[in-house]
Amino acid sequence: MASDAKVGVTVAARCRPFTDVEQGKGAMRIVKMSGDKTTVQNPQQGGSGKENTFAFNASYFWDIRASQIYKEQCTTLLKKALDGYNVSFIAFGPTGSGKTHLMSGTSDDPGIIPMFNKNLFKAIEDSRKQFFVTTSYLEILDENFTDLLNPHSNKMAIRQHPQTGIFVDGLSEFVCQNGDDLARLYDQGNRARKMGSSDIKAHRARAHGFFTITVEQKEPDGGHALRSRVLFADLAGSEGLGVQSDDRSLSALANVIGALGDPRKKGGHVPYRDSKVTRLLQDSLGGNSYTLLFSLVSPADTCFNDTMNTLQHAQYCKNVQNSVRKNVDDSGRLMNELRDEIARLRDKLAGSSLTDGNSKEDVAQMQDLIKDLQIAKRQSWEEKERLSAQYEEDRKLNLAKKGMLQWVMSDSVRKGNKEMQEKVLLMQKEKDQLQTEYKQKRKLVDTLKEDLQVKIVEYTKIAETGKATESETKARVNAIHDLKEKVKKENDNLKEVKRQLKELSEKQKREKEDMRNQHGDLQTSSELRRLAKTEERKKLETENAQMLEEELERMRMEVDHHKAEIQLKSADGYEYSKEQSMQLEMDLVKEREERRVVTMQLQAMDAEKAMVLQELTESYQKHRDELEMQQLQHFQTFRNYREVFEEQKLALEQRYRSLLEDSIQDAIFLSSRNSELVQENQALRQEMAELKDRLAMAEGRPQSRPSTASSRSSMK
């Protein structure tokens with residue numbers, strides 16, 4: 001097996017543009033970039049302070065689009081991922097420096113992750129190998145895990161496996177069949193992340209996002225399989241990095257970067273296990289991964305300290321060396337080794353005492369090996385597909401419990417809406433065509449009926465006069481008969497078109513009713529109205545263009561006709577007088593001037609049309625953004641109400657349990673007290689019986705003595 005190759009961490013600096021707040025405060029630019037050099041000027045002494053220069057692999061100012069950055073820095077890493085190597089992309093910088101914008105981008109300027117997702121599946125389609133792609137999305141906030149794709153409450157923990165490396169046990173992993181699946185899950189995870197806290201700004205400043213794509217591949221002939229992991233880490237704000245911070249993740253990250261890249265600390269212990277963030281970044285920083293770190297900063301002088309702190313730690317990251325190797329999937333051999341080791345420990349424990357200290361260690365080791373074996377069994381493609389389908393069902397329930405289902409899954413709703421809208425529009429086009437065909441058929445039938453009526457009248461007149469020959473009469477009768485058959489045939493065709501038009505109208509009505517029932521929200525209605533209006537405008541433009549073309553053709557024909565008349569006059573020897581020539585020249589100049597004016601008017605109308613279209617597009621975009629923000633606020637309000645409801649429900653349940661426990665204790669006390677009273681009652685009854693017996697005995701002795709005395713006196 002080839003030895004690991006040593007590669008350095010690639011660092012690219014990126015400076016965002018000024019914000020409106022910074023411009024309003026008159027902030028001064030202190031960051032300069034040229035080639036791979038980034039220079040930061042100390043704003044002290046009126047902006048003439050000391051300059052600090054950092055040398056990275058690349059530097060990008062705000063005028064550079066993300067597509068160029070992707071092409072220059074990420075294309076080679078995509079190839080490495082397809083070759084079986086781990087790849088990491090880390091966005092690093094203070095809060096508000098543009099980390100999420102660079103990674104996610106916008107619809108006009110897609111970020112690194114959307115472009116990577118698109119190009120990944122494009123490369124897969126061009127390959128002859130068999131690929132299997134899965135993804136997961138994790139958020140870490142205050143050392144707590146959140147599964148953004150399936151926000152469950154199950155326990156999650158970081159584990160290290162000999163086959164999969166470092167991973168989060170309990171994190172949901174979804175299978176992606178194409179680039180649309182990957183883009184959909186990423187967008188839904190971002191939506192769930194956006195709804196993760198009521199204080200979104202504070203939440204984003206402390207939350208770390210880890211979007212992971214796992215790419216597995218096999219040769220068609222069943223050769224060695226490869227597995228690569230692509231990690232996109234959108235780290236929390238770095239403004240607390242390197243200083244005393246309450247954020248454990250930031251402190252641990254600063255210590256790891258310092259231990260790996262600071263020349264003064266390099267070579268010592270690397271505290272990866274001090275936080276969950278650094279543990280997950282163990283392969284990315286100093287481990288088995290090709291790593292690209294984006295260091296993002298602000299150009300404003302008010303952010304000087306954060307900028308210097310970020311660039312200094314980025315410089316340390318550039319000094320980090322990773323040990324990369326291809327990840328060969330030898331799960332079969334690994335499972336056999338794990339089974340053999342488990343059997344060996346089982347035999348060893350069978351012949352020893354379980355109270356022995358060494359035996360306890362062997363038991364713990366065997367439990368870990370059994371866990372590793374279970375994880376290895378879950379790595380098959382069939383098992384991952386089964387788990388992905390199960391996660392897909394679970395996530396709907398978990399999102400619904402958190403009040404986020406419609407918000408997170410709205411892209412699927414929009415996709416369904418779009419398909420239904422396109423279907424309705426196609427049906428409308430088909431309906432328009434049928435209506436046009438119906439009008440043509442109706443006109444043809446009416447014309448044929450008129451012709452038939454005319455022929456019948458003519459035949460009647462000729463028959464009354466008796467002047468027609470037998471052959472002429474027979475021909476007229478045959479013509480009338482043929483015309484009747486034609487009218488009948490066209491009438492049947494007209495009825496068929498009418499029937500199709502009726503069925504299509506009913507079908508269109510049902511589709512619209514279903515759409516209103518399933519997707520009756522305001523956004524869907526506005527989107528449908530916009531598409532319908534757009535289609536109507538295009539139809540009107542087409543009709544107007546056709547009308548103009550017909551008018552131009554008519555004018556050309558008139559011009560050609562006038563030309564022919566002039567040529568004919570010329571051929572006949574006709575000559576124009578001087579006054580006629582001057583008049584014709586004046587008319588020609590006038591026509592040219594009018595043509596120029598009309599051309600200018602048309603250009604002005606085109607410009608006005610483009611401006612109106614732009615205003616309509618911007619207005620629609622603004623309306624859609626406002627609507628989405630309102631929807632977000634409504635979901636946020638609903639989530640708050642749900643949280644209050646859950647809290648009250650929990651309080652009531654606790655109160656109920658407390659009352660139930662008190663009732664049980666009272667019942668137990670009363671039951672024991674009842675037993676005591678029963679025993680006391682039995683004792684009292686026994687005592688009373690004894691007293692009665694004594695009383696009876698006591699009463700019986702005085703009565704016997706008098707009777708004895710009386711008997712004695714009688715004897716005397």
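Visitor: Let's begin with the big picture. How many helices and strands does the protein chain have?

Guide: The chain has 18 helices and 17 strands. Keep in mind that the model is predicted. Of the 716 residues in the protein chain, 36% are buried.

Visitor: And what share of the contacts join residues at least 24 apart, counting contacts between residues at least 6 apart in sequence?

Guide: That share is 73% in the protein chain.

Visitor: On to helix pairs. What describes two packed helices?

Guide: You use the angle between the axes and the distance between the axes. Take helix α5 (residues 112-125) and helix α6 (residues 179-194): they pack at an angle of about 160°, and their axes are 9 Å apart. Angles over 145 degrees count as roughly antiparallel, so that is the label for α5 and α6. The crossing in which α5 passes α6 is right-handed.

Visitor: Which residues in α5 and α6 meet?

Guide: On the α5 side you'll find Ile 113, Asn 117, Leu 120 and Phe 121, and they meet Gly 179, Leu 182 and Tyr 186 in α6. By class, this contact of α5 with α6 has five nonpolar residues, two polar and no charged.

Visitor: Let me try another pair. At what angle do helix α8 and helix α10 cross?

Guide: Roughly 50°, with the axes of α8 (residues 248-261) and α10 (residues 304-318) coming within 8 Å. The pair is therefore oblique, and the crossing of α8 and α10 is left-handed. Ala 254, Ile 257 and Gly 261 in α8 meet His 313, Tyr 316 and Cys 317 in α10. The contact of α8 with α10 splits into four nonpolar residues, two polar and no charged.

Visitor: What does α10 lie across?

Guide: α10 lies across strands β3, β4 and β5, and runs at about 30° to β5. Those three strands form an open sheet in the order β3-β4-β5, with antiparallel pairing. β3 (31-34) and β5 (51-55) each have a single partner strand and stand at the edges, so one side of each has no neighbour in the sheet. On average, neighbouring strands of this sheet are turned by 20° against each other, direction ignored.

Visitor: How many bridges hold the pairing of β4 with β5?

Guide: Five bridges, in the antiparallel sense, with β4 covering residues 37-41. As a landmark, Thr 38 stands opposite Phe 54 in β5.

Visitor: What about side chains along a strand?

Guide: In a regular strand they alternate between the two faces of the sheet.

Visitor: Which strands pair with β13?

Guide: One is β8 (residues 130-141), antiparallel to β13 over twelve bridges. Leu 141 has Ala 207 in β13 as its bridge partner. Another is β14 (residues 225-234), which pairs with β13 in the antiparallel sense over nine bridges. There, Phe 211 stands opposite Phe 232 in β14.

Visitor: Now single residues. Is Ser 295 buried or exposed?

Guide: Buried means under 20% relative accessible area; Ser 295 has 0%, so it is buried. Ser 295 sits in strand β15 (residues 290-297). Leaving aside neighbours within four places in sequence, its contacts include Ala 12, Arg 14, Phe 92 and Thr 310.

Visitor: And why does Ile 158 count as partly exposed?

Guide: Because its relative accessibility is 22%. Ile 158 belongs to strand β10 (residues 157-161). Ile 158 and Val 168 are ten residues apart in sequence, yet their C-alpha atoms are 4.4 Å apart in space. Beyond neighbours within four places in sequence, Ile 158 is also in contact with others, including Phe 145, Lys 276 and Leu 280.

Technical notes. Residues numbered from 1 in each chain as written. Predicted model: local features only at pLDDT ≥ 70, side-chain atom pairs only at ≥ 80, totals over all residues. Heavy atoms only, no water. Pairing = 2+ DSSP bridges. Helix = DSSP H or I, 4+ residues; strand = E, 2+ residues; numbered from the N terminus. Axes fitted to C-alpha atoms, helices over the stretch in contact; angles between N-to-C directions. Parallel < 35°, antiparallel > 145°, perpendicular 65-115°, else oblique. Left-handed = near helix turned anticlockwise from the far one by under 90°. Contact = heavy atoms within 4.5 Å. Nonpolar A, V, L, I, M, F, W, Y, C, P; charged D, E, K, R; others polar. Buried < 20%, exposed > 50% of the residue type's maximum accessible area, 1.4 Å probe, protein only.
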